[in-house]
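Subject: Structure handover

Hello,

Here is the structure you are taking over. Please open it beside this email and follow along.

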Amino acid sequence: MATATKQKSSPSDYKSDVKPVWCPGCGDYGVYTALTNALSEKNYSPWEIAVISGIGCASRTPSFLRVYGFHTVHGRALALATGLKIARPDLHVIVVAGDGDGISIGGGHFIHASRRNIDLTYIMMNNSIYGQTKGQASPTTLEDAVTRSTPYGVFDKPLNPSAIAVVAGASFVARGFAGNPKQLTELVAKAFEHRGFAFVEAVSPCVTFNNTYSSIKSRARNIDESHDLTNKIEAIDIALKENPLYFGVLYDVRVPTMNEKMSTLNEKMKGKTTLEELLTGSV
Amino acid sequence: MGITKVVDIVVRIAGESGEGIITTGDLLTYAAAKQGLNISTFRTYPAEVTGGRSLFQVRLGTESHLSPWNSMDVLVAFDEEAFNSNIESMHEKGLVVYDPDLHSPSMKRGTSISLYGLPMTNISKEKVGIARTKNMVALGATANIHSIPYANIADVAQKRFKGMDKATVDKNVEAIRLGYEHAEKNSQIRFEFPKVKISPNKIFLTGNIAIALGAIAAGCRFFAGYPITPSTTILEYLSREFPKFGGNMFQTEDELAALSAAIGASYGGVKAMTATSGPGFSLMAETLDLASIAEIPVVIVDVQRAGPSTGMPTKTEQGDLNAALYQGHGDAPRIVLAPANVEDCFYLTIKAFNLAERLQMPAIMLSEQQLSDRAEMIDKPSLSRIKIEDRLKPNYEDVKKEGVYKRYVITEDGISPMSTPGDRHGIYISESLERLENATFSYEPETHKVMMEKRFRKLKKAENEPNMTRIYPTSNKKADIGVISWGPSEDAVIEAANKANKQGKNVSSLHILMLSPLPTKQIKPYLDSVDKFIVAELNQTGHLASLLAKTFLLESVPLRKTTGLPFTANEIFQRIMEVGP
């Protein structure tokens, strides 16, 4: 917990000695900057932070941070982080993953973490490609795109992570861009402040296999101030638009979190039985 | 009216699912247990929610540790199909209770099986006025036949129906009374047990509940699970009781999430468990590996059922040992324990947590469908005598001197102190990749070799764990035949060996509770003490036999059963007689 005499941290306090392994120009550097800036802004103690990731380029992030964390297996970061946050509601739990990890193999967990409103921040670095394995299509790759696994073009329609998050029940949904780290920092900091499941889609182009920087920059627009942050349908509508491509906070409501419900329940039920009592055994 | 004095009787109640057969069996069992009798139940019910056949069997006796059954002494057949499918397993001097309005049993010539016609359908419909009380009529009659005082059976039923409206309860109790009176007047046979001293220190418990209670006793305060037969009762029990202990549980979206969440909680310093059956356990292969390489304590309960794949969800089998020992790609060390009875379910769960904490690796508890809802009277556990182990924690003074916390520091026993998130000087990123001592990922050849050895070296800290085998020797120095088993077959093996020895054979038996690490120091002397040995297991390819063969380079005599039913003592006895000198 922050005290009056707590020193103000700087972003480098949250960086480990391990140099990031990403290609020069990778969007993930922008997200890394935004993440460490936001942590510094909130002045969290490094030992009270846990960054959980899956597998992929984005998921390498924890190793470059001086925090607790877990580089887990493909697609399961949210599930593991949910267990951690339930057991340790006192920790700042942040999940980072790519679009492949997050919405392909991890798709099921994404939907359920959203509906559970577990109090953590989920940053999905969306580059619409599988970078780690060198260029296959991801569920957010555009239809007809030619990739290493779809030489004749993608047959499927792309998924929209932000829209899905809103529909599934996430209580905070925002979209940022690695090419706009200032805005992304604000969004991540807001996500940290949010009580409940805070989803940040960080569009983070892969310079090596799917360089969409100029395409995104040309389509980027900020969500209008007039947008009602509590309006789900409006949020989905904005999220689904490809051109312009909207950035900013899409949806933000305050509803009871999974942790609050569990802690209320436990308060109510505390001490209502003992092990001795349960070991009397009856039909 | 003949009174037959007995010390051991097997009662089977069978009929269409939905007719309340399990309730009848439960109440009969509980009333008998309250009288001081030992019990062992076996039940089978269809995989579907309605329809299909249901069966409840209870063995009542004065001996402790009863194996499921050899043959039935009493069959309560709710309908003709129940009679037809079960009559073959009847003891020749048994008693059949049937419904004369539904069928007339045709018996083989020369049989001395007694028949008692109980018009349970008619009594429930016409006299009670509620057809659904048919099972209570059967209960009353069966209780009478077994000399259970009416007051006892009515009392047990009243307690079970607490919460229902008074009119319904009264109708049910009336049905019991009518059945009881009908049997009093019409049954030619009555069974009577000797008066047994009621031990105040025994409690009535079923396998799955014992596991849940063992987890709470061990300090587990996190559970994540997905419903799957026959493990679901563990999830449901903890959903009700955990909040009272400050524990947290939730139903996950699938088994992949269940084990992942448990690993997350344990990483956070809270003892965690999940429970599943075969198909769910297969899904956990990758995350099991993760817990192993990241060195995270976690307990996984696999209540085995007949497989492979969907198999037979409500039937028993021991087909997951290979999966428990080996599943997950690569070499990932883990602990595997297998309870033999309800008491083991309680204590071995605690052991699973302790070993998981000590070795910082996943521990798998292999229970089984036949044990999941088996009821037994066990000695009430003495909580003050239970020892709890916690993971080794870092000495932060040393860490501060070193200047860096090395989560995976190489030690002689392979165990590295494990920090807890929140510890100021214990920061590290837990890894699924291979790593250096300070947890940074590494692909160096020497690193992988050293870390692999470290992870396996930890197993040595459990391989000499006491009481991980139970040996039943003969009075001779060497036995001609040994019978080795794992899981709930132990009682049937003991009974079979005793029977063979009474007939002049020289048979000993060994029961194994820990399969990984295998307690070789306890097993080797046993193998030296027998000329040949049978390995009895409920699976197709002899999982334990293979493990013993590769460990000790010894061949065994196989005894394998894959009908979805437990071993009977007779089946094992017959094999012993075939094999022996």
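The notes below go through each chain and then the contact between them.

Please keep in mind that this is a predicted model.

Chain B

The secondary structure consists of 20 helices and 23 strands. Of the 581 residues in chain B, 54% are buried. If you take the contacts in chain B between residues at least 6 apart in sequence, 73% of them join residues at least 24 apart.

One strand to look at in chain B is E15, residues 362-368. How many of its seven residues are buried? The count is seven of seven, and the strand is mostly covered. Both faces of E15(B) are covered. On one side are B:Pro362, B:Ile364, B:Leu366 and B:Glu368, and on the other are B:Ala363, B:Met365 and B:Ser367, all buried.

Which strands pair with E15(B)? One of them is strand E13 of chain B, residues 298-304, which pairs with E15(B) in the parallel sense over seven bridges. To find this pairing on screen, look for B:Gln304, which stands opposite B:Glu368 in E15(B). Strand E14 of chain B, residues 335-337, also runs parallel to E15(B), and three bridges join the two. Here B:Ile335 has B:Ala363 in E15(B) as its bridge partner. Between E14(B) and E15(B) the chain crosses through helix H13 of chain B, residues 342-359, and this β-α-β crossover is right-handed.

Chain A

Chain A has ten helices and eight strands. Its radius of gyration is 20 Å, close to the 19 Å that the globule rule gives for 283 residues, so chain A is as compact as a globular protein of that length. The C-alpha trace of chain A spans about 65 × 50 × 40 Å along its principal axes. Buried residues account for 50% of the 283 residues in chain A. Among the contacts in chain A with a separation of 6 or more, 69% are between residues 24 or more positions apart.

In chain A, have a look at helix H5, residues 161-168, where A:Pro161, A:Ser162, A:Ile164, A:Ala165 and A:Val166 are buried. After H5(A) comes A:Gly169, which has a positive phi, near 110°.

Where the chains touch

How many residues of each chain are in contact with the other chain? There are 50 in chain B and 46 in chain A. On the side of chain B that touches chain A, the elements that each supply at least two residues include helix H1 (21-34), helix H7 (207-218), helix H9 (255-267) and strand E17 (429-431). Which element gives the most to this side of chain B? H9(B) does, with nine residues. Sorted by class, the side of chain B that touches chain A has 28 nonpolar, eleven polar and eleven charged residues.

Strand pairing also occurs between the chains: strand E2 of chain A, residues 68-71, runs parallel to E17(B), and three bridges join them. In this pairing A:Phe70 stands opposite B:Ser430 in E17(B).

Regards

Notes:
Residues are numbered from 1 along each chain as its sequence is written. Chains are lettered from A and ligands numbered from 1 in the order in which they are written. This is a predicted model: local features need pLDDT of at least 70, side-chain atom pairs count only at pLDDT 80 or more; totals for chains, interfaces and linings use all residues. Helices (H or I, at least four residues) and strands (E, at least two) are DSSP runs, numbered from the N terminus. A residue is buried if 20 or more other C-beta atoms lie within 10 Å of its own, exposed if 12 or fewer, and partly exposed in between; C-beta atoms are placed from the backbone. Two residues are in contact if their C-beta atoms, placed from the backbone, lie within 7 Å. Two strands pair if DSSP finds at least two bridges between them. A crossover is right-handed if, with the strands pointing away from the viewer, the path from the first strand over the helix to the second runs clockwise. The radius of gyration is taken over C-alpha atoms; the globule rule is 2.2 Å times the number of residues to the power 0.38. Ala, Val, Leu, Ile, Met, Phe, Trp, Tyr, Cys and Pro count as nonpolar, Asp, Glu, Lys and Arg as charged, and the others, Gly among them, as polar.
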